[in-house]
Amino acid sequence: MAITPAQVFASLLSDQEKSKRYRSECRGAKSPPSSAAAEREVQVSASAQVSAPPNRARLCVLVGSRKEAAVAAKSSVNRRLDYILQSVRAHGVREDSVTVTKDFRRVENAYQMEAEVCVIFSDFGKMENLCNLLVEKLDSSVVVGSPQFYHTTEAVETIRRQACLRAVANSRRKAFEVCRLLGQTLGRPLIVREEETKESDGLTSETATPDNTRSLTIQQQINNASVTVCSKVFVTFELKSKDNLKRNN
């Protein structure tokens, strides 16, 4: 992600010099000069970037059966469904994170029943363990889908907030260095404005070309679902002369 270079502007005129210059520039103007014009200030723009992996994963497991007798089809599915739900609970997943849907229909001369279990995970390690267990114990009698990774709304808001706060912190550090170079002292912030926010999916460091002939690993899927937020801010700080501070002390 291209980041706009930081910009710095500092006004170092003394109050007397600035007022004299401002009166000269505004001579003949209809409106009087504002009090803000006499402020000694340093203006800084800075950026920050925050990347975060997804904090949720949605895993769906499908089980089905087709039998000549309706009872046999239901029984076949329910046995495996009970085992799946028992395994999910054993991995510490809450009831409100599990959704079960069932479909029963007549197909040609047989009865077909399908059940789908969708589980929301916040612990990806537990999700991997469950997938391995179901594949090992139930084999081809179930279809374990590929997990869908995503961010909750709260997580995205946290990433945006962190990017903005880091950009403001960067602007303060930059302004402090400018003041030290110019023999001035950084004062309180006068204006803080977030000028731009950019968001993108996937880690910016991922440059490898994907191999479409192979399925993605769990880590590759997590990287692809990661979110990167870049925030650019503009901040104006009060500028204080070290000589004035000594006189005040």
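1. Asp-139 counts as exposed, at 55% relative accessibility; here buried means under 20% relative accessible area, exposed over 50%, and partly exposed in between (1.4 Å probe, protein chains only). Asp-139 is found in the loop between helix H3 (124–138) and strand S6 (142–144). Helices (H or I, at least four residues) and strands (E, at least two) are DSSP runs, numbered from the N terminus. Although Asp-139 is not a glycine, its phi is positive, at about 55°.

2. On the basis of these values: this is a predicted model, in which local features need pLDDT of at least 70 and side-chain atom pairs count only at pLDDT 80 or more, while totals for chains, interfaces and linings use all residues. Residues are numbered from 1 along each chain as its sequence is written, and side-chain values use heavy atoms, with hydrogens and water left out.

3. The chain as a whole has six helices and nine strands. Of its 249 residues, 35% count as buried. Contact means heavy atoms within 4.5 Å. Among contacts between residues at least 6 apart in sequence, 81% join residues at least 24 apart.

4. Glu-108 lies in the loop between strand S4 (98–107) and strand S5 (110–121). These two strands form a hairpin with two residues between them, and it is in this hairpin that Glu-108 takes its positive phi. Glu-108 is exposed, with a relative accessible area of 68%.

5. Strand S5 pairs with S4 in the antiparallel sense over 10 bridges; two strands pair if DSSP finds at least two bridges between them. Within this pairing, Lys-102 stands opposite Ala-115 in S5. S5 is also joined to strand S3 (residues 56–67) by 11 bridges, and S3 and S5 run antiparallel. Here Ser-65 has Met-113 of S5 as its bridge partner.

6. Strand S2 (residues 41–52) is mostly covered, as 10 of its 12 residues are buried. S2 and S9 run antiparallel and are joined by 12 bridges. In this pairing Ala-46 stands opposite Val-233 in S9.

7. Helix H2 (residues 70–90) packs with H3 at an angle of about 150°, and the two axes are 11 Å apart. Axes are lines fitted to C-alpha atoms, for helices over the stretch in contact, and angles run from 0 to 180 degrees between N-to-C directions. H2 and H3 are therefore roughly antiparallel to each other, since angles over 145 degrees count as roughly antiparallel, under 35 as roughly parallel, 65 to 115 as roughly perpendicular and the rest as oblique.

8. In the contact of these helices, Arg-80, Tyr-83, Ile-84, Ser-87 and Val-88 of H2 meet Leu-130, Leu-133, Leu-134, Lys-137 and Leu-138 of H3. By class, this contact of H2 with H3 has seven nonpolar, one polar and two charged residues. For these classes, Ala, Val, Leu, Ile, Met, Phe, Trp, Tyr, Cys and Pro count as nonpolar, Asp, Glu, Lys and Arg as charged, and the others, Gly among them, as polar. An α-helix has 3.6 residues a turn, so residues three or four places apart point the same way.

9. Glu-128 is also found in helix H3. At 35% relative accessibility, Glu-128 counts as partly exposed. Its C-alpha atom is separated by 9.9 Å from that of Leu-59, which is 69 residues apart from Glu-128 along the chain.

10. In helix H5 (residues 218–225), the residues Gln-221, Ile-222, Asn-223 and Ala-225 are buried. What covers the buried residues of H5 includes H3, strand S7 (148–150) and strand S9 (227–241).

11. Val-143 is found in strand S6. Leaving aside neighbours within four places in sequence, Val-143 is in contact with Cys-60, Val-61 and Leu-62. Val-143 and Val-61 are 82 residues apart along the chain, and their C-alpha atoms are separated by 5.7 Å.

12. Arg-188 lies in strand S8 (residues 184–201) and is exposed, with a relative accessible area of 51%. Not counting residues up to four places away in sequence, Arg-188 touches Thr-236, Phe-237 and Glu-238. Arg-188 and Arg-172 are 16 residues apart in sequence and 10.0 Å apart in space, C-alpha to C-alpha.
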